[in-house]
Amino acid sequence: MTIMLTTSVTDEKLPLLIIGKSKFPRCFKNIDLKQYNIDYSNSSKAWMTINIFNKYLKDIDAHF
């Protein structure tokens, strides 16, 4: 599991990014991650990939 914490220059906490191996992990089955300001993504080794990073940056750009 990989966890990415980010903040903006104005000290605004941006969504937490969690990367796991499962597409739909059982531990998040009945939890709405958006309610807790968490983004979840998956990759075969739970590593940050260029596709995951680009999607995260586009989501942050849309936020601002």
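This report describes a helix, a loop serine and an aromatic pair in a predicted model.

## Helix α1

Helix α1 spans residues 50–63, and its 14 residues reach 20 Å from the first C-alpha to the last, close to the 20 Å expected at 1.5 Å a residue. Within α1, the residues I52, Y56 and I60 are buried, and because the buried residues fall within an arc of 70° when seen down the axis, they line one face of the helix. An α-helix has 3.6 residues a turn, so residues three or four places apart point the same way.

The other side of α1 carries I50, N51, K55, K58, D61 and A62, which are exposed. The cover over the buried residues of α1 includes β1 (2–4), β2 and β3.

S43 is found in the loop between β3 and α1, where S43 is buried, with a relative accessible area of 12%. A polar atom of the S43 side chain lies 3.1 Å from the backbone nitrogen of A46, and the side chain of S43 also reaches the backbone nitrogen of W47, at 2.9 Å.

## The aromatic pair

The count of aromatic pairs comes to one. The ring centres of F28 and Y40 are 5.6 Å apart and their planes stand at 70°, so the pair is edge-to-face. This pair links distant parts of the chain, with F28 in the loop between β2 (16–20) and β3 (38–42) and Y40 in strand β3, 12 residues apart. Y40 is partly exposed, with a relative accessible area of 22%.

Technical notes: Residues numbered from 1 in each chain as written. Predicted model: local features only at pLDDT ≥ 70, side-chain atom pairs only at ≥ 80, totals over all residues. Heavy atoms only, no water. Phe/Tyr/Trp six-rings, centres within 6.5 Å; stacked < 30°, edge-to-face > 60°. Helix = DSSP H or I, 4+ residues; strand = E, 2+ residues; numbered from the N terminus. Buried < 20%, exposed > 50% of the residue type's maximum accessible area, 1.4 Å probe, protein only. Expected span 1.5 Å × (residues − 1). Arc of directions from axis to C-beta. Contact = heavy atoms within 4.5 Å. Polar contact = N/O pair within 3.5 Å; in protein donor to acceptor, adjacent residues only side chain to side chain.
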